[in-house]
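Good morning, colleagues. I would ask you to keep the sequence and the model in view while I speak.

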Amino acid sequence: MELHHARCAGLDVHKETVVACLRTQVDGVVSHEVRTFGTTTGALLELGEWLTQNRCEEAVVESTGVYWKPVWHVLVGQGLKLVLANAEHVRNVPGRKTDVKDAVWLADLLAHGLVTASFVPPEPILELRDLTRTRRQLVRQRVRHVQRLQKTLEDANIKLDSEISNIVGSSGRAMVEALIAGETDPVKLAKLAHRRIKASQQELIEALRGRVTSHHRVMLRLHLEQVDATDKTIEALDKEVERVIAPFRPQVALLTSMPGVGDLVARTVIAEIGADMAQFPTAGQLVSWAGLCPQLRESAGKRKNTRVRKGAPWLKPVLVQAAWAAVRKKDSHLRANYYRLKARRGPKKAIVAVAASMLTAIFHMLSRGTFFEDRGPVPLDPPAKKKATHRLVRRLAELGYVVELKPVPAIDPGLPVVSF
């Protein structure tokens, strides 16, 4: 195999140790020197000095949980060139697993150019990514506490969630707080609802007639306090996100011009893929990195499992959510594309394809600095039109009809047009 690096290193990172293998090749003779270092800052500085003194051209770090991050920051700060490798892509042969062999294997792969570098964004994007991901986790935590609150109400036979959509909204909260305070009269509780609630007073009275004990009140108070605390944390987090996102406001404005993409989705997309598209050579590679395209698995001329690949768990769900919002816009290109694919492939595959189209558009928008322009429902090209015609004629034949196709004559512009 072609040699890419005569002097390189492989770093097998763990929580407390880093096993480093320095690989050198001189006149066709390969040698490996393996050392073990700690993960404290002083030990990592010592590792960096050792690599620099041995004129290491490049080092590969395996992405192990969060343990690779401090190693990366310290060594990059010393001027070393690093490559982050996906652990799934650099697995060794089963049955040959030791820390030393892992480091040697990583060094050998890097020396021959067999390691695909993972995307590591710059420091501002990393900070924004931490904030947006933490916010999403807090939102999930809040939802769980609301569900526990609902479970406690069900245990007390209070069917409040059957009549109102949000039990921690203004009306639901007022009723829950009254239950916590000891109010048990369903008539008085129902009067706390806002006048615009769709449920009638009688329906609310029946839903609020239950058996609330002191234990239920304690549990309701605890869960409601957790919801309030989480809301305050999310509010503080949003202020910090607003500060960090300030340099990327122009890019956020570009993304929000696309249907289905709001300010929150735009922030998440910027946090996950960055604002500079130079790290992705093509839009197709970005879509593949996000796990929004089918896998390529072919053997003996047959294509096997083509499900979308795993990847970008923080980005893919957000794009799919945005796609569901985008296809609701009438007379839009994304909506037309969704319904065209839905007829053949089903709604789930169609919405993933729309999400991939949106990410492709985002790549070009960020690369060129242009806003989104909706082309509207694009008519079928001649090959697609022929294929659709053949499919419809065949379907009618299966239903027992004989179809004769005649092209629609062109309308004379001099004749009056009658609309119905």
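I begin with accessibility: a residue is called buried under 20% relative accessible area, exposed over 50%, and partly exposed in between, using a 1.4 Å probe and protein chains only. By that scale Arg55, with a relative accessible area of 58%, is exposed.

Two remarks on the source are needed. The model is predicted, so local features require pLDDT of at least 70 and side-chain atom pairs count only at pLDDT 80 or more, whereas totals for chains, interfaces and linings use all residues. Residues are numbered from 1 along each chain as its sequence is written, and side-chain values use heavy atoms, with hydrogens and water left out.

Let me stay with the backbone at Arg55. Helices (H or I, at least four residues) and strands (E, at least two) are DSSP runs numbered from the N terminus. Arg55 sits in the loop between H1 and E4, and its phi is near 55 degrees, a positive value in a residue other than glycine. Asn157 also has a positive phi, near 65 degrees, and is likewise not a glycine. Asn157 belongs to the loop between H4 and helix H5 (170–181) and, at 42% relative accessibility, is partly exposed.

Next, helix H2. Which residues of helix H2 (residues 68–77) are buried? They are Trp68, Val71, Trp72, Val74 and Leu75. Their cover includes strand E1 (7–13), strand E2 (17–26), helix H1 (41–53), strand E4 (58–62) and strand E5 (82–85), where contact means heavy atoms within 4.5 Å. Just after H2, Gly79 adopts a positive phi of about 90 degrees.

I turn to helix packing. Two packed helices are described by the angle between their axes and the distance between the axes. The axes are lines fitted to C-alpha atoms, for helices over the stretch in contact, and the angles run from 0 to 180 degrees between N-to-C directions. Angles under 35 degrees count as roughly parallel, over 145 as roughly antiparallel, 65 to 115 as roughly perpendicular, and the rest as oblique.

For H4 and helix H8 (residues 214–244), the axes come within 9 Å and cross at roughly 160 degrees. H4 is therefore roughly antiparallel to H8. How do the residues of the contact of H4 with H8 divide? There are 16 nonpolar, nine polar and seven charged. Here Ala, Val, Leu, Ile, Met, Phe, Trp, Tyr, Cys and Pro count as nonpolar, Asp, Glu, Lys and Arg as charged, and the others, Gly among them, as polar.

Helix H14 (residues 347–368) packs on helix H12 (residues 316–326) at an angle of about 100 degrees, with the axes 8 Å apart. H12 and H14 are therefore roughly perpendicular to each other. From H12, the residues involved include Leu319, Val320 and Trp324, and from H14 they include Ile351, Met358 and Leu359. The contact of H12 with H14 holds 13 nonpolar residues, no polar and no charged.

Helix H10 (residues 263–273) also packs with H14, at an angle of about 75 degrees and with the axes 13 Å apart. H10 and H14 are therefore roughly perpendicular as well. Val269, Ile270 and Ile273 of H10 meet Leu359, Ile362 and Leu366 of H14. This contact divides into six nonpolar residues, no polar and no charged.

Beyond H14, Asp374 is found in the loop between H14 and helix H15 (382–398). Asp374 is partly exposed, at a relative accessible area of 30%. Leaving aside neighbours within four places in sequence, Asp374 is in contact with Pro259, Lys329, Ser332 and His333.

Finally, the aromatic rings. Rings of Phe, Tyr and Trp (its six-membered ring) pair if their centres lie within 6.5 Å; planes under 30 degrees apart count as stacked, over 60 as edge-to-face, and the rest as tilted. By this rule there are seven aromatic pairs. Why is the pair of Phe119 and Trp289 edge-to-face? The ring centres are 6.0 Å apart and the planes stand at 80 degrees, so the pair falls in that class. Phe119 lies in the loop between helix H3 (99–111) and helix H4 (123–155) and Trp289 in helix H11 (residues 283–289), so the pair ties together parts 170 residues apart in sequence. Phe119 is buried at 18% relative accessibility, and Trp289 is partly exposed at 29%. Phe119, Phe280 and Trp289 form one aromatic cluster.
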